[in-house]
Amino acid sequence: MKIVVCIKQVPATNEAKIDPETKRIIREGLNSILNPFDTYAIEEGVRIREKFGGEVIAISMGPEKAIEVLREALSLGVDKAILLSDKEFAGSDTWATSYALAKAIEKIGDVDLVICGKQAIDGDTAQVGPGIAAHLGWVQATYVMKVEDIQDGSIKVRRMREDGYDICEMNFPAVITVLKDINTPRIPSLKRRLAARQAQIPVWKPADIGADTDKIGLDGSPTRVVKTAPPPAKKNVAKRIEGTPKECAEALVRELRMRSII
Amino acid sequence: MILTSVTDRSKYSNVWVVAEFLSDKIQPVTYELVGAARKLADKRSSKVWVVAMGSGISQQVGSLFAYGADKVIVVDDSRLSGFIDELEADVLARLIGKYNPEIVLYAATARGRALAPRVAVITNCGLTADCTGLDIDPENGDLLQTRPAFGGNIMATIRSSNHRPQMATVRPRVMRALEPDPDRTGEVIHETVEMSDMLKIKRIIDVFHSDETTVNLGDAEIIISGGRGMKGPEGFELLRKFAAKVGGAVGASRAAVDAGWIPYSHQVGQTGQTVQTKVYIACGISGQIQHLVGMQSCDFIIAIDKNPDTPMMQLADIAIVGDVFEIIPEIMNELSKM
Amino acid sequence: MLHHIKNKVYHIEILPPKQDSQKLEADLELFAQKYNRVMESGYCACITDNAMGHLSFQGTEMIEELGLEVRPEQVMIHLNTFHTLEDLHNILDTCKSKGIKYLLVVSGDGSERLPKLQPSDVGAEGKVESVTSVELLKYIESKYPGTFTMGVAFNPYEPPEHEFEKLKRKLDAGASFIITQPIIEKNKIVDELLEKYPDIPVIVEAWMSRKLHLLSEAVGYEIPENTQYDPIETLKSIHKLYPQCGVYLALLGFKTQYHLIKDIWV
């Protein structure tokens, strides 16, 4: 089995600062972390390898600093890590990002399974996983809460639905995106962490993956952020209740009665 | 498609809604999307089309006209019974190529969020996820798509000027459906599935309906929700008792879920569920914007917190200043007297 | 633990490096220095377990990886409920093989990334909704009978009735010493605790940071940020107020304060 896990570095805090030119988030100066959902993707990849053999490769697209999340992936048990980083990639939306990642996966070659986290916490779009599958022309299963089985070149997964779940079986090669329910990610040991800090991580540029430069970066992105604004203001002024707990409770129940809520 | 000229742009018209089905039953979010599409189509002087894909669904599409649709494309095929992403994406991409809609809206559900990005790549279109606002730029007719970004701390407006159709997903209970007009009628077009060998490489083996996998906060009338101020799992025990007393469901902020006090399935907010209940009682929730976007359209919001100045206490219709651990038992007491 | 108090052995908290440390090698070096210094002084090193929910390395792997010497009387490991069962056993097995006998068993602070012990992990399914220090104590005692001397936390700032009830359950579950939240003056609830349990060793925590406002959340009321606070003087007064108690030093400055505590406890 050859497994690729796609991961992303995201800002750790919720303090948004926006570049007035590009209208995109200024990532410099913010603490960055591995996208929490991707930890589950890495863990699942590593578990599949531990059970069925093969190798797990983590890839990420981002600035050079994103090498940190690849080291994190190495400390969590992946075998290899590759960074896609170049100014030509900068400003990519989900369409262009999934294109670049798909090209990298083609370049890696002979990949059976791609695993992504459900979504990244900075954009919350959940579009890159299915986008990769579409660019590669592979089958996909999203919102996977359990890998039921892998055999004879196929994978059987449990997919979350709003009213329960289904069991879906697909032939390789395939892309899955995983939910937090799927596993409990391990905590890296000090030993692995120290080894990951020494690892060599190759950096690939557009030419290395044969990417069409019209399809990457800001120019290759169909969407543009044209404006950012603070969230809408509060709708009204609250009626405030103060006093002893008993007084508060009485006042609340009175209010609810007046409004026929109870 | 990438637009290369102005005449290209004029080739595309009408606002499409991809109907949401679950076990071949049409879902209310479809009507909400039709309501949003209606407003956009009126501004563009165009029509609302709905694409309904599923198995044995033909009888259900009539109601769509009452809610504002002008035309419904029905693709009724037993192979569309389960959700085969690739099959539905292929059907949609083909229909888009045939009819050239200007805008396509999807439900931001498990199915819609899997389907839309696939179609966007195949058709080379921009896609914006989880829009909370949709409008038309009066100057050039572009779709202006507003969505919370970066954990809900900012609202970003996004457009896709050079590509058609423009695509967006919208979460359930974000838009409002129009009052149905039973006298409205429209046209039904039937289309077929062509990509037939797909089922050889992907199959739905089984479907399980379960109440346990998701706590459906959307169905509750009252939600009692807790945050960091509940201090631990024991705090949520108190909320469970409170919820049981008023017949409500228990919700939680991301902070409480992340702390391991209550499972993720209870999370309200941008990365949890969006709710629109009659009453929402926020207990010890400061009101990070990521939480607020998931509950601010509830009809009546009550907040209980020691700190009177939190965003949640500002947002609430009634803000009770005090210790949740003292006030909730008193409220339960008061309710017992009734 | 009583002999720690009798012999005036300070309990000194040291924090292992965080998992996301940018300067891990330097942090490891510093940890080893602090640990060795505590050993040399004859004090007891208390190593935290993902303090405040921050992902950090475990005391046991620090000791193993850095080859630190374990003197059984001088090492205490914090252990909370945010572990997988497998990791919990790894920690306990390492403690056992290294001769670490003192554990401070607490419910602990979680975070998104930290796994949580489930009731089914510790044989408490159907009994509790979530695993607390009580279940963890019982579980450790059942799997490693007689191996460890376990302490628990006591918070004098929580509603006392509830806190004393919890403490009773912790003691019933096998705890044999108590460490309090930081106190900075005479505390009525601590007095009550000493009166209630005269035979159980109580170690009060002394706050060694000058930043007293950081304690706001623990004590449940707002301490202004510019509050003047002298940790060393406070420590002296705590010895006077509570001569029968041991003292646990949190946030001790190894450069600025360590040399000052030597002759305080007399």
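1. Two strands pair here if DSSP finds at least two bridges between them, and strands themselves are DSSP runs (E, at least two residues), just as helices are H or I runs of at least four residues, both numbered from the N terminus. With that in hand, look at chain C: Met76(C) has Tyr102(C) as its bridge partner in β4(C). Strand β3 (residues 75-79) of chain C and β4(C) run parallel over four bridges. Between β3(C) and β4(C) the chain passes through helix α4 (residues 85-98) of chain C, in a right-handed β-α-β crossover. Right-handed is meant in this sense: with the strands pointing away from the viewer, the path from the first strand over the helix to the second runs clockwise.

2. A word on ground rules. This is a predicted model, where local features need pLDDT of at least 70 and side-chain atom pairs count only at pLDDT 80 or more, while totals for chains, interfaces and linings use all residues. Residues are numbered from 1 along each chain as its sequence is written, and chains are lettered from A and ligands numbered from 1 in the order in which they are written.

3. On its other pairing, β4(C) meets strand β5 (residues 149-154) of chain C, parallel again, over three bridges. Leu104(C) has Gly151(C) as its bridge partner in β5(C).

4. What about the side chains of β4(C)? Tyr102(C) and Leu104(C) point one way from the strand (residues 102-105), Leu103(C) and Val105(C) the other way, and all are buried. Buried means 20 or more other C-beta atoms within 10 Å of the residue's own (exposed is 12 or fewer, partly exposed in between; C-beta atoms are placed from the backbone).

5. Chain A has six helices and 13 strands. Of its 262 residues, 53% count as buried, and the C-alpha atoms fill a box of roughly 70 × 45 × 40 Å along the principal axes.

6. Now the packing. A nonpolar core is a set of buried Ala, Val, Leu, Ile, Met, Phe, Trp, Tyr and Cys residues joined through C-beta atoms within 7 Å. The largest has 137 residues, and among those touching the most other members are Ala73(A) and Val51(B). A second, separate core of 71 residues includes Met1(C) and Tyr248(C).

7. Finally, chain B is assigned domain 1 (6-200) and domain 2 (217-337), with bounds from an automatic or database domain assignment. Their centres, taken over C-alpha atoms, are 34 Å apart.
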